[in-house]
Amino acid sequence: MYQNVTLEKGMYHLTNKSFVQALEGLDPSAQYADTPLAGLDAYERQLKRFDIRISGPQCDRVEKFFTSTESAVLFPEFVRRAVQQGMDASMLSEITAVETHTDSSQYLGCTITETDSYGTATSQSDALTASTILEATSALVLDKYGRVVKASYEAVRRQRLDVFAVFLRSVGMQLAQALMQQAITTLTASAGSSSTKAGSALAYSDLATLYGKFATYNMNTLLVSPKVAATILAMAEMEDVVPVEQAQVRLPFGTVLCKVPQMSDNVIIGLDKNFALEMVTGSNLILETDRLIENQLDLITVSLQCGFRVLMKNAVHKMTV
């Protein structure tokens, strides 16, 4: 049972296994089906074991984690989850077709070559038309992103955990913004085509033209800067737009308009989010867990390795405005 699990900081350093995976191995969630603890993962059960409340009216303070040697082991995972929640709140998931994990700082993906039309009919004796998938000729080098948060234990020990988590989520959100900038740079550089607006000012007809660039794929997402988003929303054709979420609206022809602060005012990117972009991560969020466990909160370091590559060029087109 979860009350009998022995917690030690070495659980953060197991090869090919996260802290939570190590906990799940010792205390599988499956055994709690049809019990009051169903729905909690192994980490959340440990919070319950030590009566650590991380939210709600009775939320505890940071120092609650450090009432015992074992409960202190839970603190780095609290930090990691809060930072990850901030990252997950970004728009990255809205534009990423697939996320790939690699154990290296470089990633050699695949490319596909389409030399023949899918519509070419063949007779019984003729060979079928072919698509060729090969290993890429050059590797994607992952960049490292990170942040050092200076927060001494004496300064934060009396802070409520939910308040402290807000600051950590903010760090995660801004790390995600840095990743979003790299994603936008990759999409801009590897777009299948580039065009320019027809007149002196951006018009609805320009958006329709960009939409028409997509043949095989569908322009289901449009990435624009806040300034360009305001221009589009002011168009007469946008009077009856349908709200979606996360500062997004749906254009009359079905494309979701995404306001992205990292976008240049001079470029619009249309993409099929189901086929355009691959996000490659070399690691999950990394923290100096030993330092956090031993109360030395002077420096909370968090980092990850990440890179992006366009999978299908014809699933991305851009327009200069």
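The questions and answers below concern a predicted model.

Me: What are the conventions behind the values?
Reply: Residues are numbered from 1 along each chain as its sequence is written, and side-chain values use heavy atoms, with hydrogens and water left out. In this predicted model, local features need pLDDT of at least 70 and side-chain atom pairs count only at pLDDT 80 or more, while totals for chains, interfaces and linings use all residues.

Me: How many helices and strands does the protein have?
Reply: Both are DSSP runs numbered from the N terminus: helices are H or I of at least four residues, strands are E of at least two. The C-alpha trace that carries them spans about 70 × 55 × 40 Å along its principal axes. The count is 10 helices and 16 strands.

Me: What percentage of the residues in the protein is buried?
Reply: Buried means under 20% relative accessible area, exposed over 50%, and partly exposed in between, with a 1.4 Å probe and protein chains only. The protein has 321 residues, and the buried part of them is 43%.

Me: Among contacts between residues at least 6 apart in sequence, what percentage joins residues at least 24 apart?
Reply: A contact means heavy atoms within 4.5 Å. Of the contacts in the protein between residues at least 6 apart, those joining residues at least 24 apart make up 77%.

Me: Where is Asn-16, and what is its phi?
Reply: Asn-16 lies in the segment before α1 (19-26). Asn-16 is exposed, at a relative accessible area of 72%, and its C-alpha is 9.4 Å from that of Asp-103, 87 residues away in sequence. Although Asn-16 is not a glycine, its phi is positive, about 60°.

Me: Is Asp-34 buried or exposed?
Reply: Asp-34 sits in the loop between α1 and α2 (42-49). Its phi is positive, near 65°, in a residue other than glycine. With a relative accessible area of 80%, Asp-34 is exposed.
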